[in-house]
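Try each task before reading its solution.

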Amino acid sequence: MKEMSGRLIAVLESGGTKMVAALASSPSDILVRERIPTTSPKETMAHLVRFFLRAATAHGRPDALAVGTFGPADLDRGSAGYGYITSTPKEGWSQTDLLGPLRKVLGDIPAVFETDVNAALFGESIWGATKGLKNAAYFTVGTGIGGGLMIDGDLVHGSGHPEMGHMRVSRHPDDNFRGTCSFHRDCLEGMASGPAVEERWGIPAAELPRDHPAWEMEAWYLAQACVNVLMIAPPERIVLGGGVMHQEQLFPMVREKLAGLLNGYLQLPDLENLVGPPELGDDAGLLGCVALGQKLIQA
Ligand code: ADP
Ligand code: ZN
């Protein structure tokens, strides 16, 4: 990994089940990190504030703050709600100011506020699976499904941020499952997240055998996600990560179904190269925040 140490960055990967907070100067120089369960906003924010206060006292005030969060979140610097989690279904977290209390405790340092998946994609683009590529997509297939997108070297926000986990997908012909998404039922997340697999088959996804028909169905949905993003913002690589993608047999299955869906329409890209796993593993989000913080300091 490329080193760029010296300047301290306060980083927060904010997830629906856990927060990972750290003080780091580079991926290989993480001075202190802590995993904090995501409970109520009040309790969690107090925990985070205490962590950053202690960290700054021990190691010095950081030069930048970088947050990658679950959403939906307000990433628009010009908006009154910048730095807030907005309309999340996560209980108690709607309209929660995530960035404000951290900036307050760390002083008025430059800050960047991103989605967790865009942050992870950015990390992959500096040190991982999409290194050097300017057009890439990243899906995490776990408790939910999230997607990050980079076009021409920039992370995409649009008028908010992409919500690719909730794209429409066509049903597998043998699938009668109604879907788990509380908003849309049978969107991508509703059909292909870890909890969807578990509810459909009555067995936790991690316990289904490798040759179970669940995986052919899962690949059907994930291939649609790939083809859709390929048609909208042609990435040079699509990274598929998250707990469900620990089922490595899914990769060749997704590639095969993707080829079928394209049906010769596009000159077939090298699918082996196009669709693959992340390289930064579980640390992609946190390291992505380190990279975003470094970029901010350099700017
Ligand atoms: P989170 O989305 O909460 O950040 P993960 O990405 O680990 O965390 O996703 C958790 C989901 O992934 C759970 O629904 C779980 O069933 C599923 N999962 C975890 N490990 C595996 C595995 N080895 N095979 C299939 N599914 C898995
Ligand atoms: Zn949905």
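**Exercise 1. Find what holds the ligand's polar atoms.**

Start with Thr-143: a polar atom of its side chain sits 2.7 Å from an oxygen of ligand 1, and a polar contact here is a pair of N or O atoms within 3.5 Å. Next, go to Gly-243, where a polar backbone atom is 2.8 Å from a ligand 1 oxygen. Finally, check Gln-247: an N or O atom in its side chain is 2.8 Å from a nitrogen of ligand 1.

A word on ground rules: this is a predicted model, where local features need pLDDT of at least 70, side-chain atom pairs count only at pLDDT 80 or more, and totals for chains, interfaces and linings use all residues. Residues are numbered from 1 along each chain as its sequence is written, ligands from 1 in the order in which they are written, and side-chain values use heavy atoms, leaving out hydrogens and water.

**Exercise 2. Widen the view around ligand 1.**

List residues with a heavy atom within 4 Å. Among them are Thr-17, Gly-142, Pro-195, Ala-205 and His-246.

**Exercise 3. Describe how the two domains meet.**

Then count contacts (heavy atoms within 4.5 Å): 10 residues of domain 1 touch 13 of domain 2. Last, take the buried area (accessible area, 1.4 Å probe, lost on putting both parts together, summed over both): about 930 Å², 61% of it on carbon and sulfur atoms. On the domain 1 side, Leu-75, Val-117 and Asn-118 lose the most area, together 52% of what that side buries.

Notes. A polar contact is a pair of N or O atoms within 3.5 Å; within protein, one must be able to donate a hydrogen and the other to accept it, and residues adjacent in sequence count only if both atoms are side-chain atoms.
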